[in-house]
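I opened the file to work through ring pairs, the sheet, the core and a few loop residues. My notes follow in the order I looked things up.

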Amino acid sequence: DAALATLSDLKDAVETYRRAFGKLPQSLAQLGPAPRDEISPEQASLVDEHLAAGSGDGYHFRYRIVPAPDENDEKFELAATPDDYGKTGRRSFFLDTAGKVHGADRQGSLAAPDDPLIEAEKTP
């Protein structure tokens with residue numbers, strides 16, 4: 001449940017960044033902490049330093065921009081895999097470009113869009 005909540009938080013941070021700066025961030029690092037009163041596209045202060053580095057709640061998070069002909073139509077995907085399969089988690093998760101979360105026990109590998117959907121009531 002913590003990994004799903006973090007995936008949702010990252011999705012919200014990416015969308016907030018897009019609204020604030022008019023584009024998607026190139027990496028999770030750009031969502032990270034900024035010095036006081038120095039928020040910028042390079043340091044937006046939307047997530048903590050761990051999530052900006054792609055780690056949190058025993059999972060590793062990956063972010064990818066899905067190109068589109070028009071930059072304003074670009075979408076993104078997020079994935080979460082256990083840091084230590086079997087200890088920090090068993091299931092991997094994938095947030096598709098439509099904002100739907102898929103998940104499966106992938107033995108620590110990346111989940112994919114063809115994995116089963118996680119029921120809406122289970123996602124934050």
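**Entry 1: aromatic pairs.** I then checked the accessibility of each partner. Tyr17 has a relative accessible area of 0% and is buried. Phe21 comes out at 27%, so it is partly exposed.

I looked at another pair next, Tyr63 and Phe76. Their ring centres lie 6.0 Å apart with the planes at 40 degrees, so this pair is tilted as well. Here the pair links distant parts of the chain, with Tyr63 in strand E2 (residues 59-66) and Phe76 in strand E3 (residues 75-82), 13 residues apart. I noted both Tyr63 and Phe76 as buried.

**Entry 2: confidence.** The model is predicted, and I wanted the scores before going on. The protein chain has an average pLDDT of 92, and 94% of the residues reach at least 70. I compared the elements by mean pLDDT: strand E1 (residues 55-56) is lowest at 94, and strand E4 (residues 91-95) is highest at 97.

**Entry 3: the sheet.** In what order do the 5 strands of the open sheet lie? I read E1-E2-E3-E4-E5, with antiparallel pairing. E1 and E5 are the edge strands; each has a single partner, so one side of each has no neighbour in the sheet. I then asked what H1 does here, and found that the helix packs on the sheet and touches E2, E3, E4 and E5. The direction of H1 makes about 155 degrees with that of E3.

I went through two of the strand pairs in detail. E2 and E3 run antiparallel and are joined by 8 bridges. Within E3, Phe76 is the bridge partner of Ile65, and Glu77 stands opposite Arg64. E1 and E2 are also antiparallel, joined by 2 bridges. Gly56 has Tyr59 in E2 as its bridge partner. These two strands, E1 and E2, form a hairpin with 2 residues between them. In that turn I noted Asp57, with a positive phi of about 55 degrees.

**Entry 4: the core.** I listed the largest nonpolar core and found 25 residues in it. Those with the most contacts inside this core are Leu7, Leu10, Leu31, Phe61, Tyr63, Leu78 and Phe93. The elements giving two or more residues to the core are H1, H2, E2, E3 and E4. H1 gives the most, with 7 residues. For background I wrote down that nonpolar side chains tend to be buried together in soluble globular proteins.

Leaving out neighbours within four places in sequence, Tyr63 is in contact with Val14, Leu24, Pro25, Gln26, Ser27, Leu28, Phe76, Glu77 and Leu78.

**Entry 5: Pro41.** Which residues does Pro41 touch, not counting those up to four places away in sequence? I got Tyr17, Phe21 and Gln30. Pro41 is found in the loop between helix H1 (2-21) and helix H2 (49-52). Pro41 and Gln30 are 11 residues apart in sequence, and their C-alpha atoms are 6.5 Å apart in space. The relative accessibility of Pro41 is 24%, so I filed it as partly exposed.

**Entry 6: positive phi.** I then checked the backbone for positive phi outside glycine. Asp37 has phi near 60 degrees, a positive value. I located Asp37 in the loop between H1 and H2, and at 75% relative accessibility it counts as exposed. Gln107 also has a positive phi, about 60 degrees, although it is not a glycine. This residue lies in the segment after strand E5 (101-105). Is Gln107 buried or exposed? I noted a relative accessibility of 57%, so Gln107 is exposed.

How values were computed:
Residues are numbered from 1 along each chain as its sequence is written. This is a predicted model: local features need pLDDT of at least 70, side-chain atom pairs count only at pLDDT 80 or more; totals for chains, interfaces and linings use all residues. Side-chain values use heavy atoms; hydrogens and water are left out. pLDDT is the predictor's confidence in each residue, from 0 to 100. Helices (H or I, at least four residues) and strands (E, at least two) are DSSP runs, numbered from the N terminus. Buried means under 20% relative accessible area, exposed over 50%, partly exposed in between (1.4 Å probe, protein chains only). Contact means heavy atoms within 4.5 Å. Rings of Phe, Tyr and Trp (its six-membered ring) pair if their centres lie within 6.5 Å; planes under 30 degrees apart count as stacked, over 60 as edge-to-face and the rest as tilted. Two strands pair if DSSP finds at least two bridges between them. Axes are lines fitted to C-alpha atoms, for helices over the stretch in contact, and angles run from 0 to 180 degrees between N-to-C directions. A nonpolar core is a set of buried Ala, Val, Leu, Ile, Met, Phe, Trp, Tyr and Cys residues joined through side-chain atoms within 4.5 Å.
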